[in-house]
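Here is a short report on one protein model. Look over the fold, then read on.

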Amino acid sequence: MTFIKKISLPAIFALAVCCLGCDSGPQPLSKKDLAATAQLETGRFALQKMLAPARFWSPDAQPVRMESTNLKDTNGHDGKAVFWRAMFASPARQKAETFTWAGIATDEPRGVNHGAEDTYNPANRSARSFDLNFLKVDTDKAFEVAQEHGGKQVLEKDPKVTVGYLLDFDVQSNQLRWHVIYGGSESTGKLTVLVDASSGSFLRKE
């Protein structure tokens, strides 16, 4: 009986500690903690992750445009984002579909997800698809270029300004372009710097 008591008392104590731990339950993550667990990536990385599922959707799928979204207290200051959305088009089928890459679970799981099919007109010059091989300059480099052409001054004045990225192909100039957007959208932002996504050269600012 003495031996059993020696064994059972520590066991009961350990069980009580476990029960106390169970009662407290896991604490919800703060916004800061959520941001720390998020995976942030450059635009080219995200686009390459979306390419294989897009080609599974349609073998001739090519990207038309892509843009970033800052979530969970991220700001885009290093050329990376936690969420990317791209539209892919199939000229042969005249269809388009939106794909997303997320570095944190939101309304959808982490990783690549996609939306519903829509119609696509290959003759529409404002929505021309492009070959991913032309994308030689990533968003981290585009951010550095933008910083040298007014972006640094914007962030020095207000470090909380978020930076977004938009990729598209300009038919008129035959250029694949990164739009580095400081604050809001292109229409409401403080500054937008356009960078050649093939050469990395500065194009203009708006």
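Which residues does R177 touch, not counting residues up to four places away in sequence? They are L166, L167, D168, D170, L194, V195, A197, L203 and R204; contact means heavy atoms within 4.5 Å. R177 lies in strand β6. R177 is buried, at a relative accessible area of 10%. Buried means under 20% relative accessible area, exposed over 50%, and partly exposed in between, with a 1.4 Å probe and protein chains only.

The model is predicted: local features need pLDDT of at least 70, side-chain atom pairs count only at pLDDT 80 or more, and totals for chains, interfaces and linings use all residues. Residues are numbered from 1 along each chain as its sequence is written, and side-chain values use heavy atoms, with hydrogens and water left out.

**Sheet**

An open sheet is built from 8 strands, in the order β4-β3-β2-β1-β5-β6-β7-β8, with antiparallel pairing. Two strands pair if DSSP finds at least two bridges between them. Strands (E, at least two residues) and helices (H or I, at least four) are DSSP runs, numbered from the N terminus. The edge strands, β4 (111–119) and β8 (202–205), each pair on one side only. From one strand to the next, the twist averages 20 degrees. Axes are lines fitted to C-alpha atoms, for helices over the stretch in contact; angles run from 0 to 180 degrees between N-to-C directions.

Strands β5 (residues 163–170) and β6 (residues 175–182) run antiparallel, joined by 8 bridges. D170 stands opposite Q175 in β6. Helix α4 (residues 139–157) packs on the sheet and touches β2 (83–90), β5, β6, β7 (191–196) and β8. The direction of α4 makes about 40 degrees with that of β6.

**Aromatic pair**

The structure holds 5 aromatic pairs. Rings of Phe, Tyr and Trp (its six-membered ring) pair if their centres lie within 6.5 Å; planes under 30 degrees apart count as stacked, over 60 as edge-to-face, the rest as tilted. F45 and W101 form an edge-to-face pair, 5.9 Å centre to centre with 80 degrees between the planes. F45 lies in helix α3 (residues 43–57) and W101 in strand β3 (residues 95–102), so the pair ties together parts 56 residues apart in sequence.

| Residue | Relative accessible area | State |
|---|---|---|
| F45 | 25% | partly exposed |
| W101 | 4% | buried |

**Core**

The largest nonpolar core has 37 residues. Such a core is a set of buried Ala, Val, Leu, Ile, Met, Phe, Trp, Tyr and Cys residues joined through side-chain atoms within 4.5 Å. Those with the most contacts inside this core include M50 and W84.
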